[in-house]
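Reader: Can you walk me through this one? I'll ask as we go.
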Amino acid sequence: MVQGRYQSPPGCSPPRAAWARKRRGATLPPRILWRPFEFSRRLLKVESSNITESESLIPLAWTSLTQKLRKAPGISLLGQRNRFSTMPEIETNERDSELFSPPSDVRGMTKLDRTAFKKTVTIPVLKVKKEKVNKLMRSLKRAALQRPGIKRVIEDPADEESRLIMLDPYKMFTHDSFEKAELSILTQLNVKPQISKYNLELTYENFKSEEILKAVLPEGQDVTSGFSRVGHIAHLNLRDHQLPFKHLIGQVMIDKNPGITSVVNKISTIDNTYRNFQMEVLSGEENMITKVRENNYTYEFDFSKVYWNPRLSTEHSRITEILKPGDVLFDVFAGVGPFAIPAAKKNCTVFANDLNPESHRWLLHNCKLNKVDQKVKVFNLDGKEFLQGPVKEELMQQLGLSKERKLSAHIVMNLPAKAIEFLSAFKSLLEGQPCSSELLPTVHCYSFSKDADPAEDVRQRAGAVLGISLEACSSVHLVRNVAPNKEMLCITFQIPAAILYKNQTMNLENHEDPPLKRQRTDEAFSEDKTQITSNT
């Protein structure tokens, strides 16, 4: 809470009783001032203190005043015009790190002690009659304090009819700190441009998570401020130097992020078989069954047993936009359904598969949850078995139908660590007379690359598995940067009939299948014949 006594500036006569108490060395009664912080209402505290009449008349430099106020927190007089030396302007981000950083003695803390984050800062204020505040604030936007979580207008502890406007401590020092336009408004409203000081006690609630962690972790080390949010779970990937502080980091994440009730850290790489990983609960509840909302669809699953990456939301949407009603989608590594369910909602026929029994179970659950269970056929097979079984049977049936039907079949293979290896399953997959080129299925195959030219790397590796060149009939899309020098990409191409059908005598080097119709792109990823696009 805010407690304090307001010292009227020279030229403003305080009430006689208050002045008498001041002369006797007594403090004025404290008042409680409320201010909103984030989505709750909390209290700031400012201690009361005595300031003698002789002290209020001694001209002090800014630094000496600050030292005095540290010893006796309260509200003090800045003095008459030109009485204080000014401080040089510094950048906004440096201001926060200097004035609003936590106390230095929290460095090295491994068990969170919220009480250790108390700190008193000195803020300049302008006294204004309460009925004039709204008219004045718009004109004082430049001069007012711009610190999230701290209310810019507070009650005056010494005068119920007045308010105190918090000012920027790096801009506002004396009467001369106001710009001409600001002084004009003050004159019109009959407000004296006299600046006073207000001692404000900051607590743990007033600091951002990045500020807290920067103050606690070893100086100069990376600070964890970003994380993946999966429903009520915050997923971190801590580095070695952060591990001694892991439980403190987890608690700070919960404190500073409404809705987060559990924080986990990945302690192993993703298992390529079931695409899950071991995790450690750093803070909060151990319940890993969560619910997420992505692109207007709802998914529920056990995060500790299935694969889910919130950073792929844009990619899920991109593939869905390519599909048209009536198309057929084969999702080889479907997970809990982020490709399959939107496609089914778009009236596509969907065949979704995942080897992980837990993913299979939650995929069935999510199809019912999103009311598409009648449009999605779900399988629990190895990817190769799925391609050579259900996919083969459906393609044979669909491609054998009347040529008047303009069927489009899409095969999504989102297993970046190994999906390219599964392309071999397409070799001689179908029998009979080849369909027309425009009906050949389109593959969207995902892969990682650490190569200097990741697009060329993915194209060559995919072509090597198929035994053909994909130089002129593929496009490569940059999905995201996974880590320094590691990219996730999606190569898209139509499977040539010479690869897909058995007993064909077509010359693989000279086949004249038309190149894939490429999607509109926003930015070239590399200057070659393969078009690459970036997510925006």
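Reader: Which residues does isoleucine 212 touch?
Author: Leaving out residues up to four places away in sequence, isoleucine 212 touches Pro102, Phe117, Tyr204, Phe207, Val252 and Lys256. Contact here means heavy atoms within 4.5 Å.

Reader: What kind of model is it, and how are things counted?
Author: It is a predicted model, where local features need pLDDT of at least 70, side-chain atom pairs count only at pLDDT 80 or more, and totals for chains, interfaces and linings use all residues. Numbering runs from 1 along each chain as its sequence is written, and side-chain values use heavy atoms, with hydrogens and water left out.

Reader: Back to isoleucine 212. Buried or exposed?
Author: Isoleucine 212 is buried, with a relative accessible area of 0%. Buried means under 20% relative accessible area, exposed over 50%, and partly exposed in between (1.4 Å probe, protein chains only).

Reader: Where is isoleucine 212 placed?
Author: In helix α7. Helices are DSSP runs of H or I with at least four residues, strands are runs of E with at least two, and both are numbered from the N terminus.

Reader: How many of the residues of α7 are buried?
Author: Six of the eight, so α7 is largely enclosed by the rest of the structure. The buried ones are Ser209, Glu211, Ile212, Leu213, Ala215 and Val216.

Reader: How do α7 and α8 cross?
Author: The axes of α7 (residues 209-216) and α8 (residues 246-256) come within 10 Å and cross at roughly 160 degrees. That makes α7 roughly antiparallel to α8 (over 145 degrees). Axes are lines fitted to C-alpha atoms, for helices over the stretch in contact, with angles from 0 to 180 degrees between N-to-C directions.

Reader: Which residues make the contact?
Author: From α7, Ser209, Ile212, Leu213 and Val216; from α8, Leu248, Ile249, Val252, Met253 and Lys256. They divide into seven nonpolar, one polar and one charged. Nonpolar covers Ala, Val, Leu, Ile, Met, Phe, Trp, Tyr, Cys and Pro; charged covers Asp, Glu, Lys and Arg; the others, Gly among them, are polar.

Reader: New topic. Where is serine 428?
Author: Serine 428 is in the loop between β17 (409-413) and β18 (442-449). At 35% relative accessibility, serine 428 counts as partly exposed.

Reader: And what does serine 428 touch?
Author: Ile499, Leu500, Tyr501 and Lys502, not counting residues up to four places away in sequence.

Reader: How many helices and strands in the protein?
Author: 14 helices and 21 strands. Of the 536 residues, 50% count as buried.

Conventions:
Parallel < 35°, antiparallel > 145°, perpendicular 65-115°, else oblique.
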